[in-house]
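Trainee: I would like to go through the labels used for this model and see what each one rests on.

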Amino acid sequence: MNQTRPKRAPGPTKCLHCGGNTVRLRARPGRTIRYKTFSALPLPADLAIPTCSRCRAEYVDEETAQRLDGILPDLYLAELRRSAHESIRTLRGHISQRKLELRIGLSQGYLSRLITEAGRPSPALVLLLAQLAQDPTSRLSEVDRFWARLPPSEDLQHIQRRTHPNFRK
């Protein structure tokens, strides 16, 4: 009768950085990865990545890359939502959600959808909310001043003639 041995974890491999035979799958908290707009997207503490125990160099092999491909989009969306939620909470002390939606051109209730994690915020919106939340009083005033600037009426007529040739005064 043939008995098959249970599979063992592969032995350590050589580290390309320090030369030690100390690269093994290791999971640890505090790891980050550059992904899309985030320079340091936090990785789950239980995610095992081939790592040198001596110099802490990490090696993303094909298997690890496939695991990362499966989780990074969800981590990215969760971090966008977390950041948006945090900024909206800060801004609530200075402006109602509806007024904020009107000022930055969002549909009614969209900020509520973000807070309840029903929406998918764009990186541009998350950045805008974060910048507004850094100094709400002055930045919201800047938004008001920006939208209050209207081109002179003769410029508007020129634009209307150019886009609508049959336009009359």
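Mentor: Start with the word helix: it is a DSSP run of H or I with at least four residues, numbered from the N terminus. Helix 3, for example, covers residues 110-115, and Tyr 110 is found in it. Keep in mind that this is a predicted model.

Trainee: Why is Tyr 110 called buried?

Mentor: Buried means under 20% relative accessible area. Tyr 110 has 15% relative accessibility, so it counts as buried. Leaving out residues up to four places away in sequence, Tyr 110 touches Glu 101, Arg 120, Pro 121 and Leu 125. From Tyr 110 to Pro 121 the C-alpha distance is 9.4 Å, and the two are 11 residues apart in sequence.

Trainee: Is Thr 64 buried or exposed?

Mentor: The limit is again under 20%. Thr 64 has 1% relative accessibility and therefore counts as buried. Thr 64 sits in helix 1, residues 62-91. Beyond its neighbours within four places in sequence, Thr 64 is in contact with Ala 48, Ile 49 and Pro 50.

Trainee: What makes strand 2 and strand 3 a pair?

Mentor: Pairing needs at least two bridges found by DSSP. Strand 2 (residues 32-35) and strand 3 (residues 38-42) have 3 bridges, in the antiparallel sense, so they pair. Ile 33 has Leu 41 in strand 3 as its bridge partner. The two strands form a hairpin with 2 residues between them, and Lys 36 in the turn has a positive phi of about 50°.

Trainee: Which residues have the most contacts inside the largest nonpolar core?

Mentor: That core has 27 residues, and those with the most contacts inside it are Leu 100, Ile 104, Leu 111, Leu 114, Leu 125, Leu 129 and Leu 132. Helix 1 gives the most to this core, with 7 residues. Apart from this core lies another, of 5 residues, among them Cys 15, Val 23, Cys 52 and Tyr 59.

Note on methods
Residues are numbered from 1 along each chain as its sequence is written. This is a predicted model: local features need pLDDT of at least 70, side-chain atom pairs count only at pLDDT 80 or more; totals for chains, interfaces and linings use all residues. Side-chain values use heavy atoms; hydrogens and water are left out. Buried means under 20% relative accessible area, exposed over 50%, partly exposed in between (1.4 Å probe, protein chains only). Contact means heavy atoms within 4.5 Å. A nonpolar core is a set of buried Ala, Val, Leu, Ile, Met, Phe, Trp, Tyr and Cys residues joined through side-chain atoms within 4.5 Å.
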